[in-house]
Protein chains: 2
Amino acid sequence: MKDSAMIIPSYEDMLTAHERIKPHVRRTEVRRSAYLNELTGADLFFKCENFQEPGAFKVRGACNAVFGLDEAQSAKGVATHSSGNHASCLSYAAMRRGIPCNVVMPRTAPQAKKDTVRRYGGRITECEPSTSSREAAFAEVQAATGGDFVHPYNDPRVIAGQGTCSKEFIEQTDGLDMVVAPIGGGGMISGTCLTLATLAPECQVIAAEPEQADDAYRSFKAGHIIADDAPKTIADGLLVPLKDLTWHFVSNHVTEIYTASETEIIDAMKLVWKHLRVVMEPSSAVPMACVLKNPDAFRGKRVGIVLTGGNVDLDRLPWMV
Amino acid sequence: MKDSAMIIPSYEDMLTAHERIKPHVRRTEVRRSAYLNELTGADLFFKCENFQEPGAFKVRGACNAVFGLDEAQSAKGVATHSSGNHASCLSYAAMRRGIPCNVVMPRTAPQAKKDTVRRYGGRITECEPSTSSREAAFAEVQAATGGDFVHPYNDPRVIAGQGTCSKEFIEQTDGLDMVVAPIGGGGMISGTCLTLATLAPECQVIAAEPEQADDAYRSFKAGHIIADDAPKTIADGLLVPLKDLTWHFVSNHVTEIYTASETEIIDAMKLVWKHLRVVMEPSSAVPMACVLKNPDAFRGKRVGIVLTGGNVDLDRLPWMV
């Protein structure tokens with residue numbers, strides 16, 4: 001997508017995205033646990049986006065961008081930078097359409113995520129794990145390939161695609177009081193705001209962020225975007241800062257942002273693995289960590305939690321270190 | 001259940017069980033993976049019994065036994081011996097009915113399984129990890145409490161309950177060429193035979209067993225029950241031998257028994273965790289290990305695999321040692 005004035009996706013864009021991507025993504029299960037409900041006093045619903053074939057919700061936005069390209073654009077393929085799941089999901093979408101995909105990825109990204117990108121035919125260029133290095137490396141790659149830039153989150157096609165998750169979530173649960181999702185760059189949260197503002201305006205949107213990468217929290221409190229270069233957290237999907245388009249949704253629609261420490265994230269991750277018996281990433285555990293940390297905000301409510309991804313390195317689980 | 005001549009459960013007993021247990025168990029999801037299909041050349045369907053609230057298919061048989069008791073019987077509660085999942089599932093069923101549950105359990109059973117039994121109100125008596133010690137300890141407990149003995153597998157109520165899993169599996173998949181399930185004492189396999197013999201007689205039943213606890217395999221080849229005392233395998237749900245009732249089903253209906261080594265089981269376990277993103281026990285990985293080891297037997301077929309349980313100690317995963 002060419003640089004341009006900010007284009008804010010509409011509810012109709014989300015509906016179009018949902019029809020477009022249906023053949024390529026799963027309508028993922030919503031799982032429940034009597035034990036976790038008892039523990040929190042809340043009625044918890046877990047949307048298992050870790051069950052998407054490439055293991056993350058980002059397949060929704062990626063497929064919407066890739067399958068929305070016209071023939072001429074698609075010939076040069078797509079390109080992106082990503083800390084992991086957007087990379088594999090864009091590669092997966094491009095593979096399904098049979099077009100090239102170039103990816104700039106931090107060299108520190110989990111090996112499991114690099115392997116997945118390559119399995120789907122994505123070509124990886126490595127960079128240092130900072131926003132500045134990533135953007136410089138990407139400019140080179142894009143100049144060389146001419147691929148259509150699909151930003152991991154600050155792209156209206158991507159946000160419209162991510163918004164399809166909440167549409168299914170509301171349909172599958174007969175309504176929720178709030179949806180809690182992790183926030184990194186803000187793609188999932190923006191899509192959630194986009195969809196719920198029309199479909200379920202009474203449903204609150206809560207963002208959950210690692211304390212050690214709390215730029216969205218500080219932005220939300222300050223009223224303008226604050227970006228950190230190279231924060232460090234085990235929630236490696238949440239390292240990137242908000243951008244103008246996601247800030248639009250966060251500043252206008254999000255009810256609250258909560259944060260959790262690394263230890264709280266790991267404890268929540270083990271708890272959900274144990275009682276829901278699903279494999280999910282540290283990033284996906286941040287919402288549950290925030291629910292456990294702020295019980296009064298959730299008790300007695302119907303709470304939807306988005307399990308955003310499930311690509312972990314099983315040989316390097318956070319509690320094994 | 002009192003000692004008596006062998007009572008073979010019927011297809012109608014399974015249908016009755018299904019109605020009886022419906023309020024208490026989940027109709028678990030069937031999951032798929034394009035990657036695992038490509039890897040094996042088979043069309044794989046995974047029935048996620050690890051997603052039952054207490055984490056194992058054994059909740060089916062346990063609920064059928066507990067909710068089938070008359071009022072007089074139920075006052076003294078139930079009692080059993082189990083390497084783990086039957087214990088927690090029987091405790092869970094008893095808790096739901098509000099009756100006592102006494103359990104004899106090997107002291108070496110995973111801590112996670114003991115914790116679960118206690119969480120559901122089960123009272124544990126520990127024994128040594130051998131069939132002989134287990135049976136001696138159980139005789140004492142039963143004499144003291146008078147609880148109705150619900151054997152972990154050699155009980156027609158239990159087998160009829162386990163058979164409900166295959167009924168759902170066939171309904172959810174529109175038919176399968178074969179179902180592969182792990183075999184320990186043979187409860188799941190017997191229930192599978194019971195149901196498929198009537199519902200889908202063309203569907204093969206394949207059992208999968210650890211090489212290091214291959215008494216069912218040797219029994220199958222010899223034509224009579226061979227029982228080992230205290231075999232050792234990481235598949236701790238599969239330590240127990242066949243008994244007369246399960247041998248009836250195994251010897252009459254099972255097509256083949258395959259075995260897998262400890263390393264093959266661990267590799268299959270990691271592979272399924274990674275690509276299906278579900279947490280399952282080593283026992284549940286034995287079918288996938290056998291599919292990978294005998295590709296010609298499964299290629300091009302619609303293969304149902306029962307993921308029997310998901311109660312693992314996350315601090316002691318087999319590949320962490």
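Visitor: Before we look at rings and charges, what puts a charge over a ring?
Guide: A charge sits over a ring if NZ of Lys or CZ of Arg is within 6 Å of the ring centre and within 35 degrees of the ring normal. In this predicted model, the charged end of A:Arg119 sits over the ring of A:Tyr120, 5.4 Å from the ring centre.

Visitor: And what lies over the face of A:Phe45?
Guide: A:Arg32 does, at 3.9 Å from the ring centre.

Visitor: Let us turn to aromatic pairs. How many are there over all chains?
Guide: A search of the whole structure gives 10 aromatic pairs. In one of them, the ring centres of A:Tyr92 and A:Tyr120 are 5.1 Å apart and the planes stand at 65°, so this pair is edge-to-face.

Visitor: Where do those two tyrosines lie in the chain?
Guide: A:Tyr92 is in helix α5 (residues 85-97) of chain A, while A:Tyr120 is in the loop between α6 (111-119) and β5 (123-127). The pair links distant parts of the chain, 28 residues apart.

Visitor: Are A:Tyr92 and A:Tyr120 buried or exposed?
Guide: Both A:Tyr92 and A:Tyr120 are buried.

Visitor: How are the rings of B:Tyr92 and B:Tyr120 arranged?
Guide: Their centres are 5.1 Å apart with the planes at 65°, so B:Tyr92 and B:Tyr120 form an edge-to-face pair. These two residues are also buried.

Visitor: Which tryptophans form one aromatic cluster?
Guide: The cluster consists of A:Trp273, A:Trp319, B:Trp273 and B:Trp319.

Visitor: Changing topic: where is A:Leu176?
Guide: A:Leu176 lies in the loop between α8 (156-173) and β7 (178-182) of chain A.

Visitor: Why does A:Leu176 count as buried?
Guide: Its relative accessible area is 5%, and buried means under 20%. Leaving aside residues up to four places away in sequence, A:Leu176 touches several residues, including A:Phe45, A:Cys203 and A:Arg302.

Visitor: Now the domains of chain A. What are their bounds?
Guide: The domain assignment gives domain 1 (11-57 + 155-320) and domain 2 (59-149). Their centres, taken over C-alpha atoms, are separated by 22 Å.

Visitor: How many residues does the contact take from each?
Guide: Domain 1 of chain A contributes 37 residues and domain 2 of chain A contributes 28 residues. About 2,500 Å² is buried between the two domains, with carbon and sulfur atoms giving 50% of that area.

Note on methods:
Residues numbered from 1 in each chain as written. Chains lettered and ligands numbered in written order. Predicted model: local features only at pLDDT ≥ 70, side-chain atom pairs only at ≥ 80, totals over all residues. Heavy atoms only, no water. Helix = DSSP H or I, 4+ residues; strand = E, 2+ residues; numbered from the N terminus. Buried < 20%, exposed > 50% of the residue type's maximum accessible area, 1.4 Å probe, protein only. Contact = heavy atoms within 4.5 Å. Phe/Tyr/Trp six-rings, centres within 6.5 Å; stacked < 30°, edge-to-face > 60°. Domains from an automatic or database assignment. Buried area = accessible area lost by both parts, 1.4 Å probe.
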